[in-house]
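Here are my notes on the model you sent over.

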Amino acid sequence: MRYAMAIDTKKCVGCSDCVVACQAENNVPIGFCRDWVVEVTDGTYPELELENRSERCNHCENSPCVRCCPTGASHYAEGGIVLVTEDKCIGCSACITSCPYDARYVHPKGYVDKCTFCVQRLKNGLKPACVSVCPTKCMYFGDLEDPNSDVSKVLKTRKHKTLIPEAGTKPHLYFLI
Amino acid sequence: MIKENENLERIAKEIMRPVGLSKNFILWMSFLGVILAASLVAYAIQLQNGLTVTGMRDYVSWGMYIANFVFFVATSLVGMLITSVLGLTGISWIKPIGRIAEIIAVAFAAVAGLVIVSDMGRPDRLINVFMYGRIQSPIIWDVTVVITYLTLSTLLYFLPLIPDLAIAKTRMDHCPVWLQKLYEILSVKWGHTTEQYKIMLKSVRILMVVIVPTAFAIHTVTSWLFASTLRVGWDSTIFGPYFLTGAFVAGSAAVVIAMYVFRSSYKLEKYITAFHFDKMGKLLVLTMLVYLYFNINEYLVPAYKMKAADAKHLHELFVGSHAFLFWSVQLCGLIIPIILLIFKPFRKPVPMLILSIVILIGAWFKRLIIVVPTMEEPFLPKQHVPHEFMVYTPTVIESMITIGTIVMAIMIISILSKLFPVIPIWEMAEEAENESEHKLNE
């Protein structure tokens with residue numbers, strides 16, 4: 001099993017519903033977020049291009065954060081999800097500095113927190129909170145190894161990219177372009 | 001071998017004179033104690049509320065604390081440079097200042113371990129590092145080498161001190177009784193026999209050799225905490241030697257300051273002479289030139305290519321928001337002192353003291369300029385975040401804790417230098433003996 005997410009930048013309207021859903025589902029402290037939306041503009045007027053991206057942890061296959069964790073609090077869980085064991089984490093921030101995507105933050109309680117692909121929902125057969133609330137249905141989630149999953153199907157038909165592939169982390173957050 | 005004669009009598013008397021608890025010393029320690037207490041209050045507030053009381057936010061999660069940690073590790077390396085590298089190559093002018101370098105090494109290495117705890121979000125879980133430690137993590141390498149280096153430095157400080165304690169214990173009527181007892185215990189029945197000296201000198205020699213790779217490891221690994229990430233400004237292959245050479249600059253400056261303070265407040269002008277300052281000045285020029293070489297490598301090569309991410313980072317450093325600090329550090333902490341110290345009048349004690357203070361302050365800010373600008377330059381765009389997320393500004397609490405760690409190091413140095421002879425008596429006596437024999441032969 002290999003969980004992955006694909007986000008359609010052509011469909012995303014940048015409403016940040018995914019951010020709010022995540023904060024509510026995961027009880028994210030005020031002032032922090034596990035996912036966020038950016039609007040990247042390219043070109044010069046009048047030939048402008050705008051890309052809306054909902055970004056979060058890329059659940060990399062070769063994660064620098066798991067590699068550098070001194071206590072093993074950061075680890076790979078089933079399906080390649082990168083998780084942090086709260087009570088093992090000493091809050092040294094080594095993973096935060098090593099993450100090229102800035103997907104992690106120090107929780108006010110001292111440990112490091114990040115996107116979990118909503119493992120608690122996956123266990124009950126539900127999709128992550130962000131995917132389930134998207135008003136334009138621009139997010140696809142599923143098992144890459146299952147050819148019939150939403151994410152496999154859409155990646156087969158659409159052109160896509162990952163962010164900062166040159167970092168060599170093998171990210172599993174795909175952006176449809 | 002130490003002979004009981006007038007030479008030894010005179011030297012022991014002069015060096016042991018400032019040892020003990022004087023009124024000024026107690027005043028000085030109370031002054032430091034008050035600052036330390038204030039910083040402990042600041043730390044209590046941080047424990048209560050977490051790292052949100054610092055200026056560190058989502059993007060900048062390593063700030064002043066980590067810069068301070070690097071500074072402490074760096075300064076502690078001078079013990080290795082002076083006692084081992086110069087000691088093993090048979091340079092004799094380091095004899096009176098070797099112990100000062102070792103005191104600085106012990107104090108700074110000990111406090112470095114505490115500084116890193118101040119940066120932890122959950123210091124109560126420090127035990128996890130030992131329970132679940134993963135050898136793959138650079139943090140674990142750092143913990144290991146800091147502990148090893150501290151142990152070796154303490155041994156290297158203590159072993160050559162034993163003969164002095166034995167010499168001193170009969171000459172300390174002016175000291176409190178508990179200190180006399182402490183000397184009695186610590187001097188471990190030292191009887192000045194040839195065999196004892198042989199064993200001690202051999203152990204010291206082994207330690208001197210072993211501490212060289214340990215010291216290299218401690219600072220190289222500290223640099224790898226940064227270099228093993230993918231960030232611009234840190235993603236560099238020369239970070240190890242770059243940090244190591246910088247460490248020698250900071251440490252040598254610290255030794256010069258300590259030499260000056262001990263010499264004037266303990267009246268040791270006879271032992272720490274203008275000659276020693278002159279030599280240390282030359283050593284500073286050498287270490288700073290090597291450091292300058294690595295600085296040029298570190299900044300010129302990426303600045304020549306101007307890769308997209310590097311260009312943004314270097315722009316911030318050279319002409320952007322960090323330009324003032326960057327150029328002040330490079331000019332005042334490196335280039336101007338190099339030029340001045342080449343000239344002999346600037347290697348006299350007082351100008352050396354002033355220049356060393358400037359160099360040491362520059363060295364502290366240099367670490368800040370390595371840590372913070374990189375953290376402010378992530379790969380992906382920063383959007384829709386509050387201003388304090390974009391720019392790192394240290395808070396009062398954070399600065400107080402940092403000042404507290406510096407005070408703690410000064411306290412350790414003060415205690416070690418005030419309770420134990422700061423200059424090796426037996427080595428000085430040996431040297432005086434050799435000199436008088438030399439004169440007789442002539």
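**Notes on helix packing, core and chain contact**

1. Let's start with a helix pair in chain B: α3(B) and α15(B) cross in a right-handed sense. Bear in mind throughout that this is a predicted model. The two helices, α3 (residues 64–76) and α15 (residues 349–375), pack at an angle of about 130°, and their axes are 8 Å apart.

2. Sorted by class, that is 10 nonpolar residues, 1 charged and no polar ones.

3. A second pair to look at is α2 (residues 23–49) and α17 (residues 396–419), also of chain B. Here the packing angle is about 145°, with 8 Å between the axes. This crossing is left-handed. The contact of α2(B) with α17(B) has 19 nonpolar, 4 polar and 1 charged residues.

4. Now the core. The largest nonpolar core holds 165 residues, and those with the most contacts inside it are V78(B), I100(B), I104(B), A112(B) and V255(B). Helix α11 (residues 239–265) of chain B gives this core its largest share, 15 residues.

5. Setting aside neighbours within four places in sequence, A112(B) touches F69(B), F72(B), V73(B), S76(B) and V146(B).

6. Is helix α8 of chain B mostly covered or uncovered? Covered: 7 of the 8 residues in α8 (residues 161–168) are buried. The buried ones are L161(B), P163(B), D164(B), L165(B), A166(B), I167(B) and A168(B). Among the elements of chain B covering them are α1 (6–16), α7 (138–158), α9 (177–186) and α18 (425–441).

7. Helix α7(B) turns up again where the chains meet. The contact takes 33 residues from chain A and 31 from chain B. On the chain B side, α6 (127–131) and α7 each supply at least two residues, and α7(B) gives the largest share, 3 residues. By class, the chain B side divides into 15 nonpolar, 11 polar and 5 charged residues.

Definitions and conventions
Residues are numbered from 1 along each chain as its sequence is written. Chains are lettered from A and ligands numbered from 1 in the order in which they are written. This is a predicted model: local features need pLDDT of at least 70, side-chain atom pairs count only at pLDDT 80 or more; totals for chains, interfaces and linings use all residues. A nonpolar core is a set of buried Ala, Val, Leu, Ile, Met, Phe, Trp, Tyr and Cys residues joined through C-beta atoms within 7 Å. A residue is buried if 20 or more other C-beta atoms lie within 10 Å of its own, exposed if 12 or fewer, and partly exposed in between; C-beta atoms are placed from the backbone. Helices (H or I, at least four residues) and strands (E, at least two) are DSSP runs, numbered from the N terminus. Two residues are in contact if their C-beta atoms, placed from the backbone, lie within 7 Å. Ala, Val, Leu, Ile, Met, Phe, Trp, Tyr, Cys and Pro count as nonpolar, Asp, Glu, Lys and Arg as charged, and the others, Gly among them, as polar. Axes are lines fitted to C-alpha atoms, for helices over the stretch in contact, and angles run from 0 to 180 degrees between N-to-C directions. A crossing is left-handed if the near helix is turned anticlockwise from the far one by less than a right angle, and right-handed if clockwise.
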